[in-house]
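Please read it alongside the coordinates.

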Amino acid sequence: MRRGLEMQYKDCGTDVLNLVEKVKLECYPVLAHTSMRCVFSLKPMSRGSKDVLAVVRKVTSLERQLGIGYDFILLINEQRWILLNSYQQEALIDHELAHIRCKVREDGSVEYRLVGHDVEEFTDVVKRRGLWDVDLKELVEKVLESKK
Ligand SMILES: [Zn+2]
């Protein structure tokens with residue numbers, strides 16, 4: 001066996017698939033007709049020094065042509081997933097689905113694209129500068145509203 005061919009990924013079970021469908025139905029009805037292959041990464045996932053909990057990506061036209069019959073792939077860090085409670089797991093799925101935006105073209109066809117986060121900031125900058133950014137300020141306002 002060649003090096004690097006050991007199992008790195010495995011399909012998620014029906015518990016995850018059902019959760020994805022539940023969150024789609026409740027929060028993302030525009031994604032109702034999209035298909036998502038949900039896969040656990042058996043190896044740690046990270047970017048820089050940060051653990052990555054999950055990542056969603058769009059299946060490319062090449063991959064489609066090669067027979068991957070899904071619109072998206074949701075890759076979940078299994079080592080982190082199993083440490084989350086059910087509320088956190090659902091929130092993580094919600095987060096990943098939020099990266100997908102749907103646009104209906106003039107001819108009625110639908111286009112999906114991935115978008116970045118509303119807010120990206122460093123804790124140290126917030127400590128020094130507070131809510132200096134409009135998006136950051138809005139995020140904190142929403143957090144405070146949600147606690148009411
Ligand atoms: Zn994200």
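What percentage of the 148 residues of the protein chain count as buried?

1. Of these 148 residues, 12% count as buried, where buried is taken to require 20 or more other C-beta atoms within 10 Å of a residue's own, exposed 12 or fewer, and partly exposed a count in between, with C-beta atoms placed from the backbone.

2. This is a predicted model, in which local features need pLDDT of at least 70 and side-chain atom pairs count only at pLDDT 80 or more, while totals for chains, interfaces and linings use all residues. Residues are numbered from 1 along each chain as its sequence is written.

3. The protein chain is assigned domain 1 (9-114) and domain 2 (117-148), with bounds that come from an automatic or database domain assignment. Taken over C-alpha atoms, the centres of domain 1 and domain 2 are separated by 26 Å, and the C-alpha trace of the protein chain spans about 50 × 45 × 25 Å along its principal axes.

4. Six helices and eight strands make up the elements of the protein chain, these being DSSP runs numbered from the N terminus (helices H or I, at least four residues; strands E, at least two). Their order from the N terminus is β-α-β-β-β-β-α-β-α-α-β-β-α-α.

5. V56 belongs to strand β5 (residues 54-58), and it counts as partly exposed because it has 19 C-beta neighbours inside 10 Å. Leaving aside neighbours within four places in sequence, V56 is in contact (C-beta atoms, placed from the backbone, within 7 Å) with F72, L74, E96, H99, I100 and L114. The C-alpha atoms of V56 and L97 lie 7.6 Å apart, although 41 residues separate the two along the chain.

6. Among contacts in the protein chain between residues at least 6 apart in sequence, 60% join residues at least 24 apart.

Technical notes: Contact = placed C-beta atoms within 7 Å.
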